[in-house]
Amino acid sequence: MTPTSFRTVPVLMYHHVSPSDGMITITPEYFEEHVAWLSRAGYSTLNAAQLAGFLAGEPVPEKSVVLTFDDGYLDNWVYGHPVLARHGMQAVMFVVTGNVHDGPARPHAGMNQAILPATPEHRACEAAIEAGRADDVTVRWSEIHAMREAGTFDFHSHTHTHTRWDKICSDPAEKRQRLAQDLALSRAALQANLGSVSDHLCWPQGYFDTDYLDEARSLGFQHLYTTDPVGQNKPGTDPGHIHRITAKNEPGTWLKRRLWLARHRVLGPLYDKIRY
């Protein structure tokens, strides 16, 4: 068994699971391969609380991984949820709470002969959100509750508006004020709709600075997820800088190779430094 001090839990970053071709998208077929391979290889998929425990020194299965999904797109429910359910796996979803609406749950691919809703490619989703049609392309609270009850996803903050306040506000004080409000609204939405809110937060576009860190921590967020792949998530490492690996639209063999590298205590960091 690998000594605990040498162990790492890779955290994978997904966005879309959809047949629509586009950026940051994996096809349902390849996502099925990823999850099926993890199951066959004996991996355990951790939720956010289990990852937090591991970083604090608590034991987890030796072959552990975290699957994260950013933004809360509808296709996560339509195509991602049924794959996870089939294989008894779980993932973490970071939702932009201002984009989540009420309404009945829509069909997903695990329902026989269901007519599935459209799941547009990434740029079209962004355009729909910008045009005020977020409900067409993002998950609803009813779908979040269904996934939570099924154990396929747990849900955490990706802010309320997914805004880069550092780009909008030239005044540092205004930037901090707007960011604090954004985070507070996200916390309030999660509390009101799910009955609780965690201390896990994913940064929009992976950006953060000292002001961002200070405001997040002042509001109770302690586990902060980046888009930085260079580094390993090991016991005792900074929970305010959780490293994530971008999942590729590639077969399960890609995931096998990438996780082998990510978990290697020598080659993993060396690969990241050379590659990134």
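How are H1 and H3 oriented to each other, roughly parallel or oblique? I noted first that this is a predicted model, where local features need pLDDT of at least 70, side-chain atom pairs count only at pLDDT 80 or more, and totals for chains, interfaces and linings use all residues. Residues are numbered from 1 along each chain as its sequence is written, and side-chain values use heavy atoms, with hydrogens and water left out.

I took helices (H or I, at least four residues) and strands (E, at least two) as DSSP runs, numbered from the N terminus. Two packed helices are described by the angle between their axes and the distance between the axes. Axes are lines fitted to C-alpha atoms, for helices over the stretch in contact, and angles run from 0 to 180 degrees between N-to-C directions.

I found that the axes of H1 (residues 28–40) and H3 (residues 74–87) cross at roughly 25 degrees and come within 10 Å. H1 and H3 are therefore roughly parallel to each other. The classes are: under 35 degrees roughly parallel, over 145 roughly antiparallel, 65 to 115 roughly perpendicular, the rest oblique. H1 passes H3 in a right-handed crossing. Right-handed means that the near helix is turned clockwise from the far one by less than a right angle, left-handed anticlockwise.

I then listed the contacts (heavy atoms within 4.5 Å). From H1 come Pro28, Phe31, Glu32, Val35, Ala36 and Ser39; from H3 come Tyr79, Gly80, Val83, Leu84, Arg86 and His87. By class, the contact of H1 with H3 has seven nonpolar, three polar and two charged residues. Here Ala, Val, Leu, Ile, Met, Phe, Trp, Tyr, Cys and Pro count as nonpolar, Asp, Glu, Lys and Arg as charged, and the others, Gly among them, as polar.

**Entry: H1 and H9**

I looked at H9 (residues 252–263) next; H1 packs against H9 at about 55 degrees, with the axes 8 Å apart. H1 and H9 are therefore oblique to each other. Their crossing is right-handed. H1 supplies Glu33, His34, Trp37 and Leu38, while H9 supplies Gly252, Trp254, Leu255, Lys256 and Leu259. The contact of H1 with H9 has five nonpolar, two polar and two charged residues.

**Entry: cores**

A nonpolar core is a set of buried Ala, Val, Leu, Ile, Met, Phe, Trp, Tyr and Cys residues joined through side-chain atoms within 4.5 Å. Buried means under 20% relative accessible area, exposed over 50%, partly exposed in between (1.4 Å probe, protein chains only).

Which members of the largest nonpolar core touch the most others? Phe31 and Leu38 do, out of 38 residues. H3 gives the most to this core, with six residues. Beyond four places in sequence, Phe31 touches Tyr14, Val17, Ile26, Phe69, Gly80, Val83 and Leu84. I also found a second, separate core of 14 residues, including Val9, Phe94, Tyr225 and Ile242.

**Entry: single residues**

I checked Thr159, in the loop between E7 and H6. Its phi is near 75 degrees, a positive value in a residue other than glycine. Thr159 is buried, at 3% relative accessibility.

Thr161 lies in the loop between E7 (153–157) and H6 (165–168). Thr161 is partly exposed, at 38%. Leaving aside neighbours within four places in sequence, Thr161 contacts Val96 and Asp182.
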